[in-house]
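Dear colleague,

Please find below the structure that I am handing over to you. My findings follow directly after it.

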Amino acid sequence: MGVGETRARGLPTWFLFLAPVAIWASTWHVILYQLGSTVPVLTSVGWRFLLAALMLAALARRQGASLKLPPRAHGFALATGVIQYAGNYWAVYEAERYVPSGLVAVLFCLMVFMNALVAWLLWRQPVSRRFLAASSGAVLGVALIFWPEIAATGARPDAALGLSLSFFAVVAAVIGGFFTMALTRRGLPLLPVLAWSMGYGAAFLLALSLATGHGLRFDTAWPYVGSLVYLAAFGSVIAFTLYYKLAERRGPAQAALVGVLVPVIALMVSAALEGWQATPLALAGMGLCLVSLVVATRPQVKP
């Protein structure tokens, strides 16, 4: 176990939960600086994960961890990179062309139940009725926040395509997450696993960008470069590392609650920086979501 593994293991659970929430909530705003450039989305996401992979590799080496993985582990890392860091992110960006981002956020909340089901099927990890009920309340709260957007989805001509892409992204995130946890549960250190996975995902995205005629464009303007570094260092390296540490400690179902709280915090950031104004329904949804999350994450009392 490397020094970084030991440090992460000593971090309090609340920090492992709230740090990824805060980081990924802020990325909703930071991504706007990527979308405002001349670089295609496919290429920008490729640069993001290439930079993140290099950072993870450097961090792993600095902590004395070997970057070598068994041949079979490379197969899992390749699949994770293509499915989670390429397919998932590509599908999310594409889905938001056809359906509101709020609907995509609500669908991603379903990861809580998908993770719980897969963890039970693979590892027989139990989940309480209280957790499922509270998680359902949290998802309902997120749905209330974005209800005006969701209600208008039916008027969009390509809503079915957007829903399909969104669901594909959710499934890809679930599969990729379990591939990563399958490797770490076999004793492989997390940082090299993430470095190889993100590196494979970046290679796939950049190769696809070349194949589709987008090339390998780059924007040297400081908003693009600064946002790229933030998304790589914080949104990818730090957030994913802490998220998987949380999944190891509390299980993948509870870790997925991170994705339920992210939209709530992201909208608070939007209110502060972009002028978003909360409606009474949105405030009620936020309240329901926060109360439900407190209940869902409360330790189980032994009889």
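Leucine 32 belongs to helix α2. Please note that the model is a predicted one. With a relative accessibility of 42%, leucine 32 is classed as partly exposed, because that class lies between under 20% for buried and over 50% for exposed. Together with Tyr33, Leu35 and Val41, Leu32 makes a nonpolar surface patch of about 340 Å². The most to this patch is given by helix α2, residues 13–35, which supplies three residues.

Helix α13 spans residues 257–273 and contains serine 270. Serine 270 has a relative accessibility of 12% and therefore counts as buried, the cut-off being under 20%. Between the C-alpha atoms of serine 270 and phenylalanine 49 the separation is 25 Å, while the two residues are 221 residues apart along the chain.

Finally, I turn to helix α10. This helix covers residues 190–211, 22 residues in total, and extends 31 Å from its first C-alpha to its last. That span is close to the 32 Å expected at 1.5 Å a residue. After α10 comes glycine 213, with a positive phi near 85 degrees.

Yours sincerely

How values were computed: Residues are numbered from 1 along each chain as its sequence is written. This is a predicted model: local features need pLDDT of at least 70, side-chain atom pairs count only at pLDDT 80 or more; totals for chains, interfaces and linings use all residues. Side-chain values use heavy atoms; hydrogens and water are left out. Patches are made of residues with over 30% relative accessible area and no salt bridge: like charges are joined within 9 Å, nonpolar side chains (Val, Leu, Ile, Met, Phe, Trp, Tyr) within 5 Å. Accessible areas come from the Shrake-Rupley method with a 1.4 Å probe; for residues, only the protein chains shown count as cover. A salt bridge is a side-chain nitrogen of Lys or Arg within 4 Å of a carboxyl oxygen of Asp or Glu. Helices (H or I, at least four residues) and strands (E, at least two) are DSSP runs, numbered from the N terminus. Buried means under 20% relative accessible area, exposed over 50%, partly exposed in between (1.4 Å probe, protein chains only). The expected span of a helix is 1.5 Å times one less than its number of residues.
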